[in-house]
Amino acid sequence: MIVPEAVAELVRGQPQVGGDEQVFPLLTVDAAGFPHVALLSRAELDVDGAGARLLAAVAAVTTGRNLRRDRRAGLIAVEGTTAHELKLEVVELLEHDGMLGLAFAIVEHEADSLGIPLRPMRFPATDHVAVLERWDRSAALLARLGASTAD
């Protein structure tokens, strides 16, 4: 299954400093079976060139541990009146510069809408956030991972 175009449009590109950006919850399950959430931005997400895989750069230790163990995750993205729920499976893992790069296959996609305008979680993109979240390292890792999935 390819990455749905509505979701691909939401995650492609880099956050713009000074802009208002969507936060994308990435859900994993810990060793005891409880849910765990990591909040990602477009700086940490992308789609491979073929549109077949969702790419992620993750620095969170707990999320990385959960993904190495279980190799499954969920992602929520909101646009307009639709909440997109993606069920994901890790198909490639790459460690670089203290971060974990992941290529996910889309196992299932559900677009849920009642026609009611939704407001996704958002954050103000600032230079400070870019440094804290290591957007430069995320971009390098996503580019490296995207190149490896092109093979």
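Which residue follows α2, and what is its phi? R71 follows α2, and its phi is positive, near 60°.

1. Basis. This is a predicted model: local features need pLDDT of at least 70, side-chain atom pairs count only at pLDDT 80 or more, and totals for chains, interfaces and linings use all residues. Residues are numbered from 1 along each chain as its sequence is written, and side-chain values use heavy atoms, with hydrogens and water left out.

2. Helix α2. Helices (H or I, at least four residues) and strands (E, at least two) are DSSP runs, numbered from the N terminus. α2 spans residues 61-70, with T63, G64, N66 and L67 buried (under 20% relative accessible area; exposed is over 50%, partly exposed in between; 1.4 Å probe, protein chains only). Those buried residues fall within an arc of 165° seen down the axis, so they line one face of α2. The arc is taken from the directions from the helix axis to the C-beta atoms. Their cover includes β2 (24-29), β3 (35-40) and β5 (53-58).

3. Largest nonpolar core. It has 24 residues. A nonpolar core is a set of buried Ala, Val, Leu, Ile, Met, Phe, Trp, Tyr and Cys residues joined through side-chain atoms within 4.5 Å. L26, L54, L75, L88, L102 and F104 have the most contacts inside this core. α1 (5-11) and β4 (45-47) are among the elements that each supply at least two of its residues.

4. F104. Beyond four places in sequence, its contacts (heavy atoms within 4.5 Å) include L54, L67 and L88.

5. Second core. A separate core of eight residues includes L55, L141, L142 and L145.

6. L114. This residue is found in the loop between β8 and β9. L114 is exposed, at 77% relative accessible area.
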